Amino acid sequence: MNRKERTAALLEAFRGIYPSAHCELVFANPLQLLIATVLSAQCTDKRVNLVSESLFAQYKTAEDFAKVGQEELEEAIRSTGFFRNKAKNIRALCAALVEHHGSQVPADMEALTALPGVGRKTANVVLGNAFGLNEGVVVDTHVIRLANRLGLTTETDPEKIEADLMDLVPREQWTNFSHWLIWHGRRRCTARNPDCAGCEVQKLCPSAFKVGQTKK
Ligand code: SF4
């Protein structure tokens, strides 16, 4: 099987394994997802959801986040880690939303990635999950690891990995595909102890039993 055929087989398999895969961040609108995604850097979605529940009850609009003081916001998001930088970015990007986008999150890759602290990964999360637009593939730490282990890329740079995946996967599956890799990365193909023996796509994986297994 060549890479394209194997990708098609993986898509079919993952559709069956994770039929309800979805973004695990809790959000009610694009602004909440944008902020939750900023908070999720180097943090679990579970922790972000704990923090965001009270955060979103207190601050509801881009104006609210643009106006809140740096220290007050830092305190509210402290447990997500890197809170100084995250607070700075959230305040700056919400100020930019107020100033340039009528306080709304733009459904546009170029406009999103022009916001402070927003890269393609964050923009893809928002476009795919809040707007239902397949503009790219989310490449996070799980997708980097899985795409390499599954032999879908040999790149390490996220933008090059994304380009390889966009070439292999049909556009209408881009958002689902990143969910599937992320879910498989969390549940089966973990960084240190991939469960190759129990892995549903083991026969399609060139790395089966060859990577990351730590001795027990
Ligand atoms: S066979 Fe192993 S390395 Fe390959 S995807 Fe499954 S768990 Fe990951």
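Reader: Why is the pair of F14 and Y18 called stacked?

Author: The ring centres of F14 and Y18 are 6.3 Å apart and the planes stand at 20 degrees, so the pair is stacked.

Reader: What makes the pair of Y59 and F65 tilted?

Author: The rings of Y59 and F65 are 5.5 Å apart, centre to centre, with 50 degrees between the planes, and this pair is tilted. As a rule, a pair of aromatic rings is described by the distance of the centres and the angle of the planes.

Reader: On what kind of model do these values rest, and how are residues numbered?

Author: The model is predicted: local features need pLDDT of at least 70, side-chain atom pairs count only at pLDDT 80 or more, and totals for chains, interfaces and linings use all residues. Residues are numbered from 1 along each chain as its sequence is written, and side-chain values use heavy atoms, with hydrogens and water left out.

Reader: Why do F14 and Y18 count as buried?

Author: Buried means under 20% relative accessible area, exposed over 50%, partly exposed in between (1.4 Å probe, protein chains only). F14 has 0% relative accessibility, so F14 counts as buried; Y18, with 9%, is therefore buried. Y59, at 8%, is buried, and so is F65, at 1%.

Reader: Which residues do ring pairs link into a cluster, and what lies over the face of W183?

Author: F14, Y18 and W183 are linked into a cluster by ring pairs. R187 lies over the face of W183, 3.8 Å from the ring centre. For a charge to sit over a ring, NZ of Lys or CZ of Arg must be within 6 Å of the ring centre and within 35 degrees of the ring normal.

Reader: Why is α11 described as largely enclosed?

Author: Of the 14 residues of α11, 11 are buried, so the helix is largely enclosed by the rest of the structure. Among these buried residues are W174, F177, W180 and W183. Their cover includes α1 (3-17), α8 (120-130), α9 (141-149) and α10 (158-168). Helices (H or I, at least four residues) are DSSP runs, numbered from the N terminus.

Reader: How do you know whether T154 is buried or exposed?

Author: T154 has a relative accessible area of 66%, so T154 is exposed. T154 is placed in the loop between α9 and α10. Leaving aside neighbours within four places in sequence, T154 is in contact (heavy atoms within 4.5 Å) with R3, N148 and D164.

Reader: Where does T7 lie, and what does T7 touch?

Author: T7 lies in helix α1 and is buried, because its relative accessibility is 0%. Not counting residues up to four places away in sequence, T7 touches L152, L168 and V169.

Reader: Which helix gives the most to the lining of the largest pocket?

Author: The helix that gives the most to this lining is α11, with 6 residues. α2 (30-39), α6 (83-100), α8, α9 and α11 each supply at least two lining residues.

Definitions and conventions:
Phe/Tyr/Trp six-rings, centres within 6.5 Å; stacked < 30°, edge-to-face > 60°.
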